[in-house]
Structure formats: structure tokens, C-alpha cells
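Biologist: Before I use any label on this model, I would like to hear the grounds for it. Please take the labels one by one.

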Amino acid sequence: MTQQISGETPKDASASVVKQHAATRAALPFSDTRDFDDAARGFLGTRENAKITSEAGRTVWSLEPYGFLSDEEAPPTVDPSLWRQSRLNMNHGLFEVVPGVYQVRGLDIANMTLIEGDSGVIVVDTLTSIEGARAAMELYFEHRGRRPVAAVIFTHTHTDHWGGARGVIDDAMLASGRVPIIAPDLFMEHAVSENIIAGPAMLRRAQYQFGPFLKKGPRGQVDCGLGKSMAAGSVALLRPTDLIKATGDKRTIDGVEFEFQMAPNSEAPAEMHFYIPRYKLLNLAENCTHNFHNLLPFRGADVRDALAWSKYLGEALQLWGGKAEAMCGQHHWPVWGAARVDAMIRQQRDLYKFAHDQTLRLLNHGLTATEIAETIRLPKSLDGAWHARGYYGHIRHNVKAIYQKYLGWYDANPANLDPLPPVEAGKKFVEYMGGADAILGRARQDFDKGEFRFIAQALSHLVFAEPDNAAAREMLADTFEQLGYLAESSTWRNAYLFGAQELREGLPKAPSRPSMPRETLAALRTGQLWDMLGVRLNGPKAEGKTIVLNWVFTDTSENFVLTLENCALTHAEGMQASNADASFTLPRSLLDEVIAKKATFPEAMAAGKIAFTGNPMKLAELMALMDEFPRMFEIVEPKRTVVT
């Protein structure tokens, strides 16, 4: 008899999902509640529901929609382990780590750490949004008194750790230059390469990773593993003024000595740790958190180096093991006591080393990425450690990332060398399987057995072959939903549930993407702006065209030649071309204004702000070859717009 799933959406958990959740409850140490004590320890105060609004009154952050997490018992539609993590991430406010060190947690997906010096406060990571950073600072001042900001430290290159800097450093501080901004070496290079060049695609994919368009609730988005969600406020990038370049580098800031450790190509391409002897405090940035982290996030990134990650944690133990009485990171809650600190670092070190070494062992036996994911199991000592659970990353997709890092996308089977794209392949699969009705009939039978993974594969072929087949879309949505309910990883859950939602409702309505902030543009090197322009060039439209433009920037004393030929846009610095079609002289700041859509080239030329020789229409001809990237594009169904 076919199991009846309710007609409402989102739907109930199936019997096979409920059975799996019961097995999870029996397998994991839910009686261990130390994390709940640690997450609440040192609480000083907060804002109601951690609510933050913009100057225009828009809510950029609030935990009020997550009120359903007050229930201790996980509902059938959420993995019990993920429910536990989701409840832990509801702690919010200002917390004392040790006297003199404080954290604002739960006002963003990331933490702000505040370290008191002799007369001021050192701010470590400034959250995602300017509004959130301002609120965090005010909360700190409310409980600790107003102190001048002595320095800002960015631990690494991800936006949730630097995006709110202008909420900490105001115009006067920035103009005076008295507040150093300290970051790991190559911070700017990686901050922009990860977030700007491939930004449009990454932002769309991040919707599946974080689930911002899902309703909050037991059948929707409950968490992101590292925290609740991404903040929705204003973001601006500030260029660091002091780079940490080597492990062992030290800085004395407002009387407080910091010892730094470099950790490049770990959780971020540029990342660093630090220890403060005065407070016996260790901060391992985002490399030792209360979950198994991502080696390749769903939004996209360079594959992270699990072996290097493990070695950095081992080195941190060698440098500071037995010394640190407290360890706090830039997500989640601290750990206290030298023995517990060391034990957590050892387990996290071995978690990444195990994943790396066992993946390499199995791939050297000839197993493919999917076969390794199906084979590998964490040892009991790690599998039972709450901080090693896969709430954000997961062993099943992290091993695929390791495989990709060493062997790439191709599994060496020639059948997978040049497969048909999804629409063409879908049509042939449907034909070979006897048509849509036959596929749907078998899918309904397998649904009762809980064989959701294969149903998703089969029905995805059908949806790509017949995107308007309502029965196929609904059945695939139901299947994604059950896979989401099964997932311990928050990112898996979000991806499955958002896929289900888009199959049922189509693409979400979202406003057009705002222009890049001028502060962010000003922080970029000019060469990076040309690279950003290059990825927008529509190659087929540029066929047969050659354009050469000279650029002179008066405020930065830079010269460039921008060349279009062979359907590629390249630039050369420090030179001018004698055969240029046109030459432009202007402040670099004006170029920033144009990119930010605060000015246009024709208006600036008419106002005499740009001097030029040659044919200025060649610039218009070049710009007419540029694509505008959509904020939304189809993922779980065929593209509705043809892209060439």
C-alpha cells in the first residue's frame, strides 16, 4: 500500500525519515549537555530577539522567527542532532570569555570578539553588516563603558568577518589613520577574488547553502551550522593597514601583546590565529569550530587544504598547548580549561587529517569520489564528538572536495569524459526508461521504501526533459523535502528544501542586485577592476573586434593599456600604447563612481572631469559587449533564457 503524504506543502516526514531520526537519537550522546552550559556562560545582556534594523527601518537581523526552537524535542521534520545545534546557536548577546575579553554572539552568523587594552578596545572581526557591527559595539559599550577603538583585526577573508567594518571605524577614524586595521598577508587579493570575480554565481548558489528565501520553521530553515543565517545589511570592505606575514609575528596593541600564527589555505585562503598571554586566550579564527567545517562550500570556492588545516591545528598545539586557559573562535561558543582546549584542538586536528588521509588511501585503491563518500566512516572517537559533527561541512561532501583537489572533476571513466548536458541527457534517459509515466510509477513505489537519493536522480532527468510536467516537479519536490528532513548538515537541508520550494513555486522574487559600494571599489587595486570587467565580456559578441584604450589615473599615478583582441580583455600596467583607439585621463576615484553607478562616462566627459584623445566612442563600443549578470537563474530545472 502506498504511504499517503499530506497534500499541504511543506509536507510531513515520511515513516522512513522518522525511523532514521530514532536511530540518530539512540546513537549520539544527547545526555552530554556541556555545550549548553558553555554557550550560556558569561552572559551579560542582549537585545530583544537580537533584532537589528537599518536607518530606513528595514530588519537586517532578528532571531524572532526562530522562536520555535524553544522546544527541546526535535520534530519529525528535523534531524535531532541538527536540532540540538540549532538550539545552541540561539544564544545571543554580549558574553564575558575571561575578564577583559568579550564576545558578541548571535547578532550575526559570526562573532565579534572585543579585547580590552590599557585604555581602549581591540575589535576582532566586524560581522557581516555595518548595522550589525554598530549594534554589537553599542551593546558592548552599554555593559563595559565607552572606550576608544584601539585597532581592528580581520582574522580572515570571508565577508561575515569584515563586512561591517564601517560600523566600527567611522569617517573621522578612517581619515585620521589612527586605528590600525590588521589582517593576514594577501588579505585583499583573496577577499576580492573569492567574493567579486565569481560573485554573481556564488551569491545565487549561496541561496541554496544558507536558505534565506526559505520560511523559518520545523519544515523550513532552522540553522546554517555556523549560526542562524547571513545578515542582510550594508557591507563595505576596508583595506588593511598592517599585514601579519609570518608565524611568530607579534604586535603590542594598546599594551596587549598578540602572538600570531599564519594559517593560509585552511578555512580561508588568507587566515590567521593568535594567542594573548595577558589573558591566556587562544583564538583559532574559524579553524576550530563546533562542527566539521566545509572543505568546499556549496556556494563555490577554491578547495580548502585539509592536510594544511590539520597541520596548522597541530602547530597551534605545539605553540600554545597547555598555556591557553580559554579558547574562543569567530563562530560558536568558547571552551574553558587547558585540558579541554587541548582535547578539542587534537580532535579537530585529527578530524581533518583522517578525512584527508583516508580519502587519499581510498582514491589510491581506485575508488571514485562518490564511492569514497559511500565507504568512509569517521572513527567512533570523532563520530561521538559533538564538535566534529557535520552541521556545516559533512564527511560525505568533504571527501569529494579532497578528491577534487588532487584528481579534479574527472573520475577517469571515459563514459564521464564528455557527457550530454542535463536537458539532452534527460530526454534520452526518459526515452530509455519508458517515458514519464513509467518513471513516476516506479518513483512512487520507491518513495515508500525511502530510496530518496535514487528517486532524486531519476526524477531530475525527467524534470530537465519535461520542465512543465507538474507531476514530475511535485514528486521531485516531495523527494527533496524528505532528503532535507533527513539531513544532519544544515547546508544539505537548506539545499534540498530550497530546491523543493523552487520546483513548486519557481524562482523567488528578489530585487535587482545593488551596485558595489564605493568603499569596496576603492579598496580594490585597479588591475582587479579590469579583471572584474574581463569576466563580463561576451566572447561571441566580441568576435573579430580589436579595441585598444589607454588609461591614466591622476590620483594614483597609474597607467594602463586595456586591450580587446581574440575575444579576450587584457591589461598591461605601467605603459601606454602608441596605436590606442582612445586615451583617457581621470581620477581613479571617478572610475569607482562610474562602476558604483553614481556617475556615467558621458556625463563626466561633458563636465570636463575626463580628458581624452582619439575616438571616445570606442569605450562605448567596448561597454556594449559586456554582459549584465542576473541575480537569479534556474538550478533544479532547465535555464529559461538561452546563454551564449
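Modeller: The model is predicted. Take F629, found in the segment that comes after helix 22 (617–623).

Biologist: Why is F629 called partly exposed?

Modeller: The relative accessibility of F629 is 34%. Buried would need a value under 20% and exposed a value over 50%, so F629 counts as partly exposed.

Biologist: What makes the nonpolar surface patch that includes F629?

Modeller: I197, V535 and F629 make the patch, which covers about 220 Å². A patch residue must have over 30% relative accessible area, and F629 has 34%.

Biologist: Why is T128 called buried?

Modeller: T128 has 4% relative accessibility, and the cut-off for buried is under 20%, so T128 counts as buried. T128 lies in the loop between strand 7 (121–124) and helix 4 (130–144).

Biologist: Which residues are in contact with T128, leaving aside its neighbours within four places in sequence?

Modeller: They are D108, I109, T159, D160, G163, G164, M230, A231, S234 and V235. Contact here is heavy atoms within 4.5 Å.

Biologist: Why is strand 6 (residues 112–116) said to be largely enclosed by the rest of the structure?

Modeller: Five of its five residues are buried, so strand 6 is described that way. M112, L114 and E116 point one way and T113 and I115 the other way, with all of them buried.

Biologist: How do you know that strand 6 pairs with strand 5 (residues 101–105)?

Modeller: Pairing requires at least two bridges, and four join strand 5 to strand 6, in the antiparallel sense. Q103 stands opposite T113. Six residues lie between the strands of this hairpin, where G106 takes a positive phi near 80 degrees.

Biologist: What joins strand 6 to strand 7?

Modeller: A hairpin of four residues joins strand 6 to strand 7. The two strands pair over four bridges, again antiparallel, and I115 stands opposite I122.

Biologist: Why are strand 11 (250–253) and strand 16 (335–336) placed at the edges of their sheet?

Modeller: That sheet is open, with six strands in the order 11-12-13-14-15-16 and mixed pairing. Strand 11 and strand 16 each have a single partner strand, so one side of each is left without a neighbour in the sheet.

Biologist: How many bridges join strand 13 (residues 272–276) to strand 14 (residues 281–283)?

Modeller: Three bridges join them, and the strands run antiparallel. The partner of Y275 in strand 14 is L282.

Biologist: Which residues of helix 20 (residues 588–595) are buried, and what covers them?

Modeller: R588, L590, L591, D592 and V594 are buried. The cover includes helix 18 (518–523), helix 19 (526–534), strand 17 (547–553), strand 20 (582–586) and helix 21 (601–606). Helix 20 is followed by K597, with a positive phi near 65 degrees.

Biologist: How many helices and strands does the protein have?

Modeller: The protein has 22 helices and 21 strands. Its radius of gyration is 26 Å, close to the 26 Å that the globule rule gives for 644 residues, so the protein is as compact as a globular protein of that length.

Biologist: What share of the residues counts as buried?

Modeller: Of the 644 residues, 54% count as buried. The protein exposes about 27400 Å², of which carbon and sulfur atoms supply 53%.

Key: Residues are numbered from 1 along each chain as its sequence is written. This is a predicted model: local features need pLDDT of at least 70, side-chain atom pairs count only at pLDDT 80 or more; totals for chains, interfaces and linings use all residues. Side-chain values use heavy atoms; hydrogens and water are left out. Patches are made of residues with over 30% relative accessible area and no salt bridge: like charges are joined within 9 Å, nonpolar side chains (Val, Leu, Ile, Met, Phe, Trp, Tyr) within 5 Å. Accessible areas come from the Shrake-Rupley method with a 1.4 Å probe; for residues, only the protein chains shown count as cover. A salt bridge is a side-chain nitrogen of Lys or Arg within 4 Å of a carboxyl oxygen of Asp or Glu. Buried means under 20% relative accessible area, exposed over 50%, partly exposed in between (1.4 Å probe, protein chains only). The radius of gyration is taken over C-alpha atoms; the globule rule is 2.2 Å times the number of residues to the power 0.38.
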